[in-house]
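Colleague: I am new to this structure and would like to learn how to read it. Could we go through it feature by feature?

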Amino acid sequence: MGEQRETAVETANLKYTISGYIYISPNDDCHMIVDAMLATGYSEEFCIAENFTPAFIARLMEAGFLVMSMDIAQENENPYYIVLPKLHVVRSALFFENLHIKRSVRRLIKHYELRADSDFDYIINRCIEKHGSDWLTPPLVDAIRKIRASAPAGDLYPTSFALYRDGKLAAGEFGIICGNVYTSYSGFYEEDNAGTVQIIKTTHYLQEQGFTFFDMGMPLNYKNELGAVDITPEEFIRLFRS
């Protein structure tokens, strides 16, 4: 085991910023970076990168990173955006057999319709309106849109789930399909309980389509109430790659 860890670190040739974050460049093997992070017990959730080309962002996603971004420019300076590939110290995963639906919500489900891979541009824009662009920065959003435009469905593919009630969009989310795993990035709701119903219907859809599990990213109480469990990054990567 010790030799395997040393090999992973040597192969990845890790580079660090002055502040101690792993720096990833387009020339790096992103999968090997992940292996080295796990081998060294890297305690940060984020790495740092500066390249927003769709091909590089896609490679980060394929390696298991949830890709975020931020503007590090000082006040009154022009924006300077960096990429923040995130490998959660604790990851929230919803395995379909664990889905828990409260009785109060169960009676509402029949009133809604889920549309898969629908309204993508509107949903991502609405997520930004609702939650801001602190991490969904313009260059990252542009890269995600370009990946979607060039990728065939079923490969690495940015997608969305729209929940309708009486012809009106009530909730939505977007995320990334990679192989048989769907990773949620952001979502919104326009009426009470619609967000919960959207997640439930999305879970049912993923199960019906043969996905392995629903990667929900950062652990939160409402996710646990739906049956999601917290898993280690090692367990997540093992499942993600399998």
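Colleague: In what order do the strands of the open sheet come?

Modeller: Strands of a sheet pair through backbone hydrogen bonds, either parallel or antiparallel. Here seven strands form an open sheet, with the order S6-S7-S8-S9-S10-S5-S11 and mixed pairing. Strand S6 (113-116) and strand S11 (229-231) each have a single partner strand, so these edge strands are left with one side that has no neighbour in the sheet. On average, neighbouring strands of this sheet are turned by 35° against each other, direction ignored.

Colleague: How many bridges join S5 to S11?

Modeller: Strand S5 (residues 91-94) and S11 are joined by three bridges and run antiparallel. As an example, Ala93 has Val229 in S11 as its bridge partner.

Colleague: Which strands does helix H5 touch?

Modeller: Helix H5 (residues 120-131) packs on the sheet and touches strand S7 (157-165), S8 and S9. Its direction makes about 60° with that of S9.

Colleague: What is the volume of the largest pocket, and which residues lie nearest its centre?

Modeller: Rolling a probe the size of a water molecule over the atoms shows where empty space is left. The largest pocket has a volume of about 910 Å³. Its lining has 37 residues, and those nearest its centre are Ser186, Gly187, Leu220, Tyr222 and Lys223. Two or more lining residues come from each of strand S3 (66-71), H5, S8, S9, H7, S10 and helix H8 (221-225). By class, 17 residues of this lining are nonpolar, 12 polar and eight charged.

Colleague: How many cavities of 30 Å³ or more does the search find?

Modeller: The search of the whole structure finds one. The largest cavity has a volume of about 70 Å³. It is lined by 13 residues, with Met61, Phe65, Ile176, Thr183 and Phe240 the closest to its centre. Strand S8 (168-178), strand S9 (181-189) and helix H9 (233-241) each supply at least two lining residues, and the largest share, three residues, comes from S9. The cavity lining has nine nonpolar, two polar and two charged residues.

Colleague: Where does pLDDT stay under 50?

Modeller: Where pLDDT is low, the predicted coordinates should not be read in detail. In this chain, pLDDT stays under 50 over residues 1-9. The mean pLDDT of the chain is 93, with 94% of its residues at 70 or more.

Note on methods
Residues are numbered from 1 along each chain as its sequence is written. This is a predicted model: local features need pLDDT of at least 70, side-chain atom pairs count only at pLDDT 80 or more; totals for chains, interfaces and linings use all residues. Side-chain values use heavy atoms; hydrogens and water are left out. On a 1 Å grid over the protein atoms alone, a cavity is a set of points where a 1.4 Å probe fits but cannot get out, and a pocket is an open set with protein on both sides within 12 Å along at least five of seven lines; lining residues have an atom within 4 Å of a point. Grid points are joined across faces, edges and corners, and a volume is the space filled by probe spheres set on the points. Helices (H or I, at least four residues) and strands (E, at least two) are DSSP runs, numbered from the N terminus. Ala, Val, Leu, Ile, Met, Phe, Trp, Tyr, Cys and Pro count as nonpolar, Asp, Glu, Lys and Arg as charged, and the others, Gly among them, as polar. pLDDT is the predictor's confidence in each residue, from 0 to 100. Contact means heavy atoms within 4.5 Å. Two strands pair if DSSP finds at least two bridges between them. Axes are lines fitted to C-alpha atoms, for helices over the stretch in contact, and angles run from 0 to 180 degrees between N-to-C directions.
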